[in-house]
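Let's take a walk through a protein model together. Have a look at the picture first, and then we'll go through the pieces.

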Amino acid sequence: MLPESWMPVLGAELEKPYFKELTEFVEHERSRGPVYPPREEVFAALDATPYEDVKVLILGQDPYHGEGQGHGLCFSVRPGVRIPPSLRNIYKELNADLGVPVPDNGYLMPWAEQGVLLLNAVLTVRGGEANSHKDKGWERFTDRVIHAVAARKDPAVFVLWGNYAKKKLGLIDTDRHVVVQGAHPSPLSAKKFLGSQPFSQIDAAIEQQGHTAIDWRIPNLSAS
């Protein structure tokens, strides 16, 4: 299920004992009850953003744990699903920072298709239980994802929101890549997040790196 473009840099991980144990754990969890996202969407972020196309890596923590919400991209929800509070704050800041209109949905696939890797540190979760698959092996795998992007000659922008994400700073060569850090957009830290202008920083870094700019607009799904 690992996308072809990521196989040269991540394929070896699939053969390691920790990953086999992780796979067995997740399958056992699925046999007991709902696990999100579905099997076919566990690597959706890597599938949507090929390795060589990554311009920006935004790191989340773990998937949404409600039925029908997450689809493998951090902060994103399926079309028609209520926009979660953290994403609402991201939209508010994007509007205040760059004037981008706030959309009527939380489907971030247009970002992913432009080179924004929307990566969660943990790629699965038990239904209704946040962080239930923490410390089972996913962090080791996604650390390799971060390391693989950081090891490229082509620079990228790494976005680390909140203390959990900031712990990954040591995986990144900050002499070659740009790191945008700040408070997490969740309601608990929204006062620090709002006004931090991360998107201006991301855009400036992308331009400096010689990459095509990201169009941050998300199309509305309903008629205006």
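Helices (H or I, at least four residues) and strands (E, at least two) are DSSP runs, numbered from the N terminus. What you see is a predicted model, so local features need a pLDDT of at least 70 and side-chain atom pairs count only at pLDDT 80 or more, while totals for chains, interfaces and linings use all residues. Residues are numbered from 1 along each chain as its sequence is written, and side-chain values use heavy atoms, with hydrogens and water left out.

Let's begin with empty space. Rolling a probe the size of a water molecule over the atoms shows where empty space is left. Here a pocket is found on a 1 Å grid over the protein atoms alone: it is an open set of points where a 1.4 Å probe fits, with protein on both sides within 12 Å along at least five of seven lines, and its lining residues have an atom within 4 Å of a point. Points are joined across faces, edges and corners, and the volume is the space filled by probe spheres set on them.

The largest pocket comes out at about 320 Å³. It has 20 lining residues, and Asp62, Tyr64, Phe75, Ser86 and His184 sit nearest its centre. To sort a lining, count Ala, Val, Leu, Ile, Met, Phe, Trp, Tyr, Cys and Pro as nonpolar, Asp, Glu, Lys and Arg as charged, and the others, Gly among them, as polar. On that basis, the lining of the largest pocket has nine nonpolar residues, ten polar and one charged.

The second largest pocket has a volume of about 250 Å³. Its lining is made of 13 residues, with Met1, Phe19, Thr23, Phe43 and Trp138 nearest the centre. Which helix gives the largest share of this lining? That's helix 2, with six residues.

Now for helix 4. Several of its residues are buried (under 20% relative accessible area; exposed is over 50% and partly exposed in between, with a 1.4 Å probe and protein chains only). Among the buried ones are Ser86, Leu87, Ile90 and Leu94. The cover over the buried residues of helix 4 includes helix 5, strand 5, helix 8 and helix 9. Just past the end of helix 4, Gly99 has a positive phi of about 75°.

Last stop: charges. Side chains of opposite charge can pair when their charged atoms come close. A salt bridge here is a side-chain nitrogen of Lys or Arg within 4 Å of a carboxyl oxygen of Asp or Glu, and the structure holds eleven of them. One joins Glu13 to Arg144, at 3.6 Å from N to O. That pair links distant parts of the chain, 131 residues apart, with Arg144 in helix 6 and Glu13 in the loop between helix 1 and helix 2. Glu13 is buried at 4% relative accessibility, whereas Arg144 is partly exposed at 32%.

Another salt bridge brings Glu41 and Arg78 together at 2.7 Å. Both lie in loops, and they are 37 residues apart in sequence, so the pair ties those parts together. Finally, Glu29, Arg32, Arg126 and Glu129 are linked in a network of salt bridges.

Terms used. Contact = heavy atoms within 4.5 Å.
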